[in-house]
Each structure stands twice: as C-alpha cells, then as structure tokens.
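Here's a walk through one protein chain, with the cut-offs spelled out as we go. Have the viewer open and follow along.

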Amino acid sequence: MASPVSDTPLCRRNSKLETFLKRTAQRDVYERVRYYEACVVVSEELDKVFMHAVLTDDSIYLTEFHPRTLHRALHFSVIVHIELINDLPDFLSGKDQEQSLHIRVVHTHAKDVGKHGSRNNGSALTKPQFVATPCQQDNYEHSCSLEGISRVQQDADGSRSPSWNRDGRDGCKGKRKSKSSVLARMKKGVAGEKEKKIEEEEKKEAELHLYAVMLTSQIYVHLQRSWNSYIMRSTLMLRTCTVSSSPSSKKHQHKISWERTCHLFSQLSGELLQDELSLESLYLLLQELCTAAHHNPAVKTLFWRSPELYPFLVKTLAKSLQLSQDRLHTADRLLLSMLVVQTMSLMFGETEKGPARFKILTSMQGSVTAALLLALVCDPELKSHNCNSPSHTELHVLQAEYLDAASVLLFEVVMFCQKTSRIPNVGHFLSVAWVFQTLKAHPFFLLFMGYQAQRVVLALSFLSESPLSPFQAVLLYQRCYLLLTCMQHNTCVNSYIITELKEEFRYYVRKSGLEDKLPSHYPISRPAQHLLSQLLSLVLDKP
C-alpha cells in the first residue's frame with residue numbers, strides 16, 4: 001500500500017484499518033490505496049453513516065468505522081464532477097459542524113466503464129459491491145503523437161439470398177425462414193428498446209455526499225487529484241492499449257529492485273550534474289531520466305529526494321529558453337526546453353513522494369519554484385527574420401509543442417498548490433493565489449494565457465477536425481482547468497480573455513457540438529464538458 005501520508009506531516013496513520021485492508025482487500029487493490037479518512041457518508045442507500053472512505057487510484061471504497069467488510073462504492077469512471085458545498089450540516093453540532101467539509105460527488109449509474117476496450121466495471125452506490133480485482137494499469141507518455149482514433153465501419157451485406165421457390169418443399173422452407181427472420185427482427189427490436197432504457201437509466205445522475213469532520217481533513221484534495229489523474233491516464237491509454245497489451249511489450253517488462261534503482265539513479269544524476277556538459281549529452285541524459293521515470297515510479301521518489309536536480313532543471317530551462325527568446329531560435333534549444341518541461345511534468349504527476357517534494361518546492365522561500373514559473377512562461381509569438389523559410393515553419397511547430405508542454409506543467413503546479421492550500425494550518429505560502437501573483441509581473445503572462453484560450457477555441461471550433469484524439473482531449477481538459485482557475489484568481493487575465501476572445505468563444509464554440517469533439521467512450525469526456533460549460537459561462541455571461 002502506498003503511504004497515505006501526504007506531502008505534509010499532518011496525516012495520522014490508522015494501524016487497525018491498515019491491518020484490516022491488508023487482510024481483506026485483494027493484493028492489487030491494497031497496493032494502490034492512496035488515502036483513507038473517517039467521514040459521514042450519505043447516498044441513496046446510506047443515511048448519515050460514519051465510515052472510513054478508502055481511496056485507491058481508480059475507486060472509492062467504504063468500510064465501517066470498526067471495519068468488518070470492504071465495499072467499492074464508486075469507480076472513478078462513473079464520476080461526473082466533484083465539488084465542495086459551503087453549508088452547515090444540521091445533523092452535526094458544535095465544533096464538528098463548524099469544521100466539517102461537505103464534498104458532493106456527482107456520478108452516473110453506469111455499470112460498465114465505457115466501451116471500445118475501456119477499463120474494468122465500476123459499481124454505483126445503489127448496491128455496493130464487494131472488492132473486485134481492477135485491471136492493471138499501464139504507464140503513458142506525455143510526448144505522444146496527436147493521431148486520432150480511427151473509426152472502423154462495417155458495411156452491412158445487402159445482397160439477397162437465392163430463390164428458394166423451386167418446389168413446394170423449398171417454398172415451405174422459405175416461409176419458415178421468413179417467419180424466423182421476422183421473429184429475429186422482433187427480438188432485436190425488443191432488445192434494442194431494453195438497451196435504450198438501460199442507457200437512459202445509466203445516464204441518470206446520482207450523488208454521494210462525504211462529510212469530513214477532521215480539522216486537518218485532506219480527503220477532498222486527494223479525491224480530486226486521484227480522480228483527475230485517473231480520467232487523464234485512462235483516456236490516454238485508449239490510444240496505447242494495443243501496444244501495451246502486445247506480448248512483445250510485456251516480455252520486456254521486469255521489476256528492478258530498490259537498491260538497483262538507487263544505484264542507477266545515482267549514476268545518472270551524477271552525469272547530469274557534471275560541469276561543461278554538451279547540449280547533445282544533456283539532452284540524451286534527460287531523455288534517459290524521463291524514460292526511466294515512465295517505467296519506474298521509484299525514480300520520481302528519488303528525484304525529489306535529490307536536492308540538486310530540481311534547481312538544476314529549473315536553471316537549465318531558464319537558460320535554454322532565454323537563448324531561444326533572444327532571437328536565437330534554434331531547434332535544439334527548443335527541443336531541450338520541451339524535454340525539461342515534460343520531465344518536470346512527469347515528476348509533478350500523481351505519485352506518493354512523501355514530504356520530500358514539499359520540502360524541495362518550499363525551500364529558500366520558494367525562490368526556485370518562482371524561478372520555474374517565470375522561466376516556463378514565454379512569448380507565444382515566434383520572432384524570426386525570415387518567416388517564409390522552411391526553418392521558420394519547423395520552429396513554429398516546435399514552439400507550439402513547447403507551449404503545449406508548458407500548459408501541462410503549469411496545470412500540474414496549480415493542482416499541487418490547490419492540494420496543499422486546502423490543508424489547514426500548514427503554515428506555508430504555496431497556493432494558487434501565490435502562483436498567479438508570481439506570474440502577474442511577467443511581461444508575457446497575459447499573452448501566454450490568451451494563447452491557451454485561443455487553442456481551446458481552435459480545438460472546439462467547427463472548422464477543426466472531429467473527434468479530438470485522446471491526447472488532444474486530455475490537453476483540452478488541462479487547458480480549460482488552467483484557464484478557469486486563472487480567471488477566478490486573476491482579474492487581469494479574466495478581463496483580458498473576456499475583452500479579446502469573447503466573440504471567438506461565442507461564434508466558434510458550440511455546446512451542441514461538444515459531444516462530437518469529445519466521444520462518449522473517452523473517460524475524460526463528461527468532466528471536460530462540465531469544465532467547458534463553466535468556462536463558457538464565465539466568458540460569455542459577463543457583460
């Protein structure tokens with residue numbers, strides 16, 4: 001089991017519950033437990049029951065306060081959105097009522113996790129199920145191509161069967177066959193109606209309410225982060241499932257011991273931190289680090305335990321991107337900057353790293369993290385002497401890819417700061433407000449966020465291709481989340497986007513066309529549509 005203790009040392013362990021989980025849960029479920037907390041549960045079947053909510057990387061499990069049985073309440077695939085409700089529950093009193101945290105989880109009644117080779121089944125709250133073994137999840141890479149999912153259409157065979165009216169016997173056979181075909185069509189019609197009813201029932205939304213009563217409750221941030229990670233990860237897996245499930249790919253998968261991983265990481269970090277390292281050598285070593293982190297989560301833990309690597313990567317990004325911005329646009333510099341950003345995004349991704357990451361990010365009063373934010377944002381306009389040259393076209397493509405990667409890293413930083421800022425009494429400065437306050441003075445911050453908004457409009461425009469690929473759908477979700485959060489915390493960005501891009505959003509983005517852009521079998525589809533509705537309301541509804 002991954003340690004339920006977060007980046008801050010405020011979470012208490014429950015040895016009795018952990019022993020129960022180890023004894024009762026399937027091994028692969030137990031190993032993927034991310035967090036647990038006691039809270040009051042309200043659902044269609046449960047009415048204000050004090051239970052333990054146990055979060056894995058793909059489900060919410062419930063067990064009694066004195067644990068006896070473990071049930072999977074919800075699979076993340078059926079969750080539409082998660083939100084905090086500002087109220088005072090009437091069934092609580094005193095300090096419990098004042099410090100309570102009300103979390104509403106809106107979900108559907110779907111039994112299956114989508115179609116087209118999606119993940120394992122998820123259970124709704126109407127009838128809690130016993131623990132089942134979820135499917136094993138594969139890693140994904142950020143630097144995947146933007147290829148869409150091909151749709152295979154099978155043409156119906158419209159050819160007529162040969163005539164059977166050669167004699168009376170054949171005529172009888174023909175009549176029996178026609179009757180059987182009519183019955184078959186009737187059965188298919190009845191089955192189709194049943195399927196429609198089932199689909200309509202599954203689309204109906206229900207709610208799970210969790211009332212946290214601990215003063216230092218962290219269940220909301222863990223639930224929000226785990227669910228976001230799941231829908232992004234499972235959507236990206238749609239385009240890699242054929243590769244990851246092939247026998248040849250599984251053949252090369254083998255576990256490396258912790259001792260061996262530490263030794264290899266020490267060698268790699270030592271080579272990275274060498275003086276006078278050539279650009280090509282630096283790129284190859286970073287590529288090796290990025291690949292290792294994809295295949296071995298322990299590398300991420302070791303990264304944050306190394307006090308020198310994080311400042312080194314920030315310094316490398318600042319230097320490399322500055323040379324590119326000073327009209328020295330070279331493909332190798334942009335490629336290096338993009339690889340640094342992708343590596344950092346991977347390290348920020350959802351894994352349990354303990355307090356080491358928190359300590360690194362807040363060291364020196366957050367000066368290194370502030371330097372990362374300022375280095376990350378750049379002028380989205382490519383300045384070149386010859387705009388018609390082939391090299392300019394290549395640099396324009398690389399610049400767009402860098403800006404994609406930068407939006408992903410900024411999304412990860414914002415998600416982390418949201419997580420830490422919602423933990424009471426931490427006594428640190430890391431918050432979403434701090435992120436945007438740091439970026440406020442950047443000369444290109446407004447242009448950078450305006451560019452992100454333009455890319456959202458372009459992705460959703462009826463002029464662009466439909467549907468979006470899994471990678472594009474995830475990137476759209478990250479951009480919408482980033483824009484929505486930034487507009488809520490920064491009045492300058494809010495005013496700029498509404499003033500400059502309101503008409504583009506009004507004309508090019510159609511709510512009726514969102515389902516075509518985001519196919520229903522994408523796990524991220526409904527959450528992305530919910531985010532887009534909020535973003536459109538914020539941009540279009542203000543005068």
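This is a predicted model: local features need pLDDT of at least 70, side-chain atom pairs count only at pLDDT 80 or more; totals for chains, interfaces and linings use all residues.

Is Gly366 buried or exposed? Gly366 is buried, with a relative accessible area of 0%. (Buried means under 20% relative accessible area, exposed means over 50%, and partly exposed is in between, using a 1.4 Å probe and protein chains only.)

## Ground rules

Residues are numbered from 1 along each chain as its sequence is written, and side-chain values use heavy atoms, with hydrogens and water left out.

## The chain overall

The chain has 21 helices and 8 strands. Both are DSSP runs numbered from the N terminus: helices are H or I with at least four residues, strands are E with at least two. Of the 543 residues, 51% count as buried.

For contacts (heavy atoms within 4.5 Å), take the pairs at least 6 apart in sequence: 74% of them join residues at least 24 apart.

## Back to Gly366

Gly366 sits in the loop between helix 13 (355–362) and helix 14 (367–376). Setting aside neighbours within four places in sequence, Gly366 is in contact with Leu361, Phe429 and Trp434. Take Phe429: Gly366 and Phe429 are 63 residues apart in sequence, yet 8.2 Å apart in space, C-alpha to C-alpha.

## Aromatic pairs

A search of the whole structure turns up 11 aromatic pairs. The rule is that rings of Phe, Tyr and Trp (its six-membered ring) pair if their centres lie within 6.5 Å; planes under 30 degrees apart count as stacked, over 60 as edge-to-face, and the rest as tilted. One of the pairs is Phe348 with Phe416, edge-to-face at 6.4 Å centre to centre and 75° between the planes. That pair links distant parts of the chain, with Phe348 in helix 12 (residues 331–348) and Phe416 in helix 15 (residues 390–421), 68 residues apart. Phe348 counts as buried at 3% relative accessibility, and Phe416 is buried too, at 4%.

Phe411 and Tyr481 form another edge-to-face pair, 5.4 Å centre to centre with 85° between the planes. Phe411 lies in helix 15 and Tyr481 in helix 18 (residues 470–489), so this pair ties together parts that are 70 residues apart in sequence. Phe411 is buried at 0% relative accessibility, and Tyr481 is buried at 10%. Ring pairs also link Phe303, Trp304, Tyr310, Phe348 and Phe416 into a cluster.

## A charge over a ring

The charged end of Arg510 sits over the ring of Tyr507, 5.9 Å from its centre. To qualify, NZ of Lys or CZ of Arg has to be within 6 Å of the ring centre and within 35 degrees of the ring normal.

Helix 8 (residues 258–272) has 15 residues and reaches 21 Å from its first C-alpha to its last, close to the 21 Å expected at 1.5 Å a residue. (The expected span is 1.5 Å times one less than the number of residues.)

Which residues in helix 8 are buried? They are Thr261, Phe265, Leu268, Ser269 and Leu272. These residues cover an arc of only 95° around the axis, which puts them on the same side of helix 8; the arc is that of the directions from the helix axis to the C-beta atoms.

## Two buried serines

Ser525 is in helix 21 (residues 525–540) and counts as buried at 2% relative accessibility. A polar atom of the Ser525 side chain lies 3.0 Å from the backbone oxygen of Leu518. Leaving aside neighbours within four places in sequence, Ser525 is in contact with Leu518, Pro519 and Ser520.

Ser461 is in the loop between helix 17 (445–460) and helix 18, and counts as buried at 3% relative accessibility. Not counting residues up to four places away in sequence, Ser461 touches Tyr508 and Lys517.

## Positive phi

Most residues other than glycine have a negative phi. Lys48 has a positive one, near 55°. Lys48 is found in the loop between strand 1 (33–42) and strand 2 (49–56), and is partly exposed at 41% relative accessible area.

Phi of Glu276 is also positive, near 55°. Glu276 lies in the loop between helix 8 and helix 9 (279–295), and is exposed, with a relative accessible area of 81%.

Note on methods. A polar contact is a pair of N or O atoms within 3.5 Å; within protein, one must be able to donate a hydrogen and the other to accept it, and residues adjacent in sequence count only if both atoms are side-chain atoms.
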